Amino acid sequence: MTTLANPQQLQIQHEINMINQLNESHVRQIMDYSKGFLDKTFPLARGSHQAVASYVVYYQQLLAFFADGSTSGLADPSQFIGLTGHREAPEALLLQNQGRHVELILNKGGEQGSRDAAGIDDIQLQTTEPECSWFSLVTGRQVSCRSRGDKTFTAKDGSTYLL
């Protein structure tokens with residue numbers, strides 16, 4: 001036997017659905033802005049970070065793969081510094097522009113990464129604060145170096161790169 005929802009329950013469910021839609025829209029806007037930042041600061045030779053389906057490291061180059069199977073490297077390949085994880089499925093990518101690091105955290109199972117074609121879960125920028133800290137473009141929060149821990153990356157030449 002099914003019970004029919006009363007008008008108040010229907011109204012509450014409608015409001016919850018509306019809030020979820022607003023949240024999804026907000027997340028899309030944040031990711032669009034963040035990828036726009038990547039396009040300006042770390043442009044691809046062809047295409048946009050907006051359209052990337054996955055990132056891989058091939059030899060010492062960062063490659064962006066698109067849904068149609070085409071690829072592109074960075075317009076300035078020297079901006080790619082290193083990675084964590086496997087070259088074919090990196091967990092994080094470390095980029096650098098004018099001495100400042102930016103980390104793309106990739107996790108297709110993460111809260112944001114599960115919604116993003118490339119699996120970008122967060123983009124963190126190294127700040128110029130006197131005390132070591134990073135800023136998350138996705139959450140809008142400061143991240144202290146202590147909470148990040150000592151991050152070790154594999155440099156593009158295979159050596160260890162410590163932040």
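Both Tyr58 and Tyr59 sit out in the open, each counting as exposed (exposed means over 50% relative accessible area, buried under 20%, and partly exposed in between, with a 1.4 Å probe and protein chains only). The model behind this is a predicted one, where local features need pLDDT of at least 70, side-chain atom pairs count only at pLDDT 80 or more, and totals for chains, interfaces and linings use all residues. Residues are numbered from 1 along each chain as its sequence is written, and side-chain values use heavy atoms, with hydrogens and water left out.

The structure has 1 aromatic pair. It is edge-to-face, because the rings of Tyr58 and Tyr59 have centres 4.7 Å apart and planes at 90°. For pairing, rings of Phe, Tyr and Trp (its six-membered ring) need centres within 6.5 Å; planes under 30 degrees apart are stacked, over 60 edge-to-face, and the rest tilted. Tyr59 belongs to the loop between strand S1 (52-58) and strand S2 (61-66); here helices (H or I, at least four residues) and strands (E, at least two) are DSSP runs, numbered from the N terminus. The relative accessibility of Tyr59 is 63%, so it counts as exposed.

Gln98 is another non-glycine residue with a positive phi, near 50°. This one lies in the loop between strand S5 (89-97) and strand S6 (100-106). Gln98 reaches 82% relative accessibility and so counts as exposed.

On to the fold as a whole. The chain contains 2 helices and 11 strands, and along the sequence these run α-β-β-β-β-β-β-β-β-β-α-β-β. Its C-alpha trace spans about 65 × 45 × 30 Å along the principal axes. Of the 163 residues in the chain, 38% are buried. Mean pLDDT (the predictor's confidence in each residue, from 0 to 100) comes to 89 over the chain, with 92% of the residues scoring at least 70.

Next come the charged contacts. There are 2 salt bridges in the structure, a salt bridge being a side-chain nitrogen of Lys or Arg within 4 Å of a carboxyl oxygen of Asp or Glu. One of them joins Lys35 to Asp116, with the closest N and O atoms 2.4 Å apart. This pair ties together distant parts of the chain, 81 residues apart: Lys35 is in helix H1 (residues 7-41), while Asp116 is in the loop between S6 and strand S7 (120-126). Lys35 is buried, with a relative accessible area of 4%, and Asp116, at 10%, counts as buried as well.

Lys151 and Glu103 make a salt bridge too, at 2.9 Å from N to O. Again distant parts of the chain are linked, 48 residues apart, with Lys151 in the loop between helix H2 (145-148) and strand S10 (152-155) and Glu103 in strand S6. Lys151 is partly exposed at 21% relative accessibility, whereas Glu103 is buried at 1%.

The largest pocket has a volume of about 180 Å³. Pockets were found on a 1 Å grid over the protein atoms alone, as open sets of points where a 1.4 Å probe fits, with protein on both sides within 12 Å along at least five of seven lines; lining residues have an atom within 4 Å of a point. The volume is the space filled by probe spheres set on the points, which are joined across faces, edges and corners. Glu24, Val27, Arg28, Met31, Asp32, Lys35, Gln50, Gln112, Arg115 and Asp116 make up the lining. By class, that gives 2 nonpolar, 2 polar and 6 charged residues (Ala, Val, Leu, Ile, Met, Phe, Trp, Tyr, Cys and Pro count as nonpolar, Asp, Glu, Lys and Arg as charged, and the others, Gly among them, as polar).

Phe135, in strand S8 (residues 133-136), is partly exposed at 28% relative accessibility. Its C-alpha lies 8.3 Å from that of Ile123, 12 residues apart along the chain. Gly140 is in the loop between S8 and strand S9 (142-144) and is partly exposed, with a relative accessible area of 44%. Gly140 and Ile30 are 110 residues apart in sequence, but 9.5 Å apart in space, C-alpha to C-alpha.
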